[in-house]
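I put each question to myself before looking up the answer.

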Amino acid sequence: DDVVDWGQIESGRMRIDIGRVAPALILHEVAQQATAMVKVGVEVKSIYPSLLPDVQADPTRLKQVLMNLVGNAVKFTASGSITLDAREMDGFLQVSVADTGPGISKQAQSQLFQAYAQESRRVFQENSGNGLGLSISKQFIQMQDGKIWAESEEGKGSTFYFTIPLAD
């Protein structure tokens, strides 16, 4: 699916359907799926408020971005926690997915959102994947007038953030 999505994005044929979306429902669903996917000893935490403002987004693509971020956190977190959060900030909803995994090297951080970029061949072999999830997520967030970024320190985990405009 990622390869098909990437092909549509590159060719300019990717369509998104932006409308009014209740993000708390999507966050809750993703948190439930994450709980079913994590390794024993990893806790999934949801610390966002139960009432969140609606956003202007494509619900399918918003969920896909969250699943990409949570899926990566699940792959790389052997113990500790994965935390989903969302906060209203300056006309946007800022969503974050934080993990207590191994973190990402400074060199790899500069390539995180590039297609097919992976930290090393060893990481690819151990965790599989095609290297498109983050680049697709970046494109989907940008198509919805948001931004996406990451903060990480080796040995201390990673946090991925994105913003989506609030609904009028």
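Is Asp54 buried, partly exposed or exposed? I looked up its relative accessible area and found 25%, which makes Asp54 partly exposed, where buried means under 20% relative accessible area, exposed over 50%, and partly exposed in between, with a 1.4 Å probe and protein chains only.

Before going on, I note that this is a predicted model, in which local features need pLDDT of at least 70 and side-chain atom pairs count only at pLDDT 80 or more, while totals for chains, interfaces and linings use all residues. Residues are numbered from 1 along each chain as its sequence is written, and side-chain values use heavy atoms, with hydrogens and water left out.

Entry on salt bridges. I searched the whole structure for salt bridges (a side-chain nitrogen of Lys or Arg within 4 Å of a carboxyl oxygen of Asp or Glu) and found 4. I looked at Asp54 again and found a salt bridge with Arg20, whose closest N and O atoms are 2.9 Å apart. Asp54 sits in the loop between strand S2 (42–46) and strand S3 (55–57), whereas Arg20 belongs to strand S1 (residues 19–21), so this pair ties together parts that are 34 residues apart in sequence. For Arg20 I noted 55% relative accessibility, which counts as exposed.

Next I turned to Lys63, which forms a salt bridge with Glu29, the closest N and O atoms being 2.3 Å apart. Lys63 is in helix H3 (residues 59–76) and Glu29 in helix H2 (residues 23–37), so here too parts that are 34 residues apart in sequence are tied together. Lys63 has a relative accessible area of 22% and is partly exposed, and Glu29 is partly exposed at 35%.

I then looked up Asp85 and Arg87, whose side chains meet in a salt bridge at 3.4 Å, N to O. Asp85 is buried, with a relative accessible area of 13%, while Arg87 counts as partly exposed at 35%.

Entry on the whole protein. I counted 6 helices and 7 strands, taking helices (H or I, at least four residues) and strands (E, at least two) as DSSP runs numbered from the N terminus. From the N terminus on, I read the order of elements as α-β-α-β-β-α-β-β-α-α-α-β-β. Of the 168 residues, 46% count as buried. Among contacts (heavy atoms within 4.5 Å) between residues at least 6 apart in sequence, I found that 73% join residues at least 24 apart.
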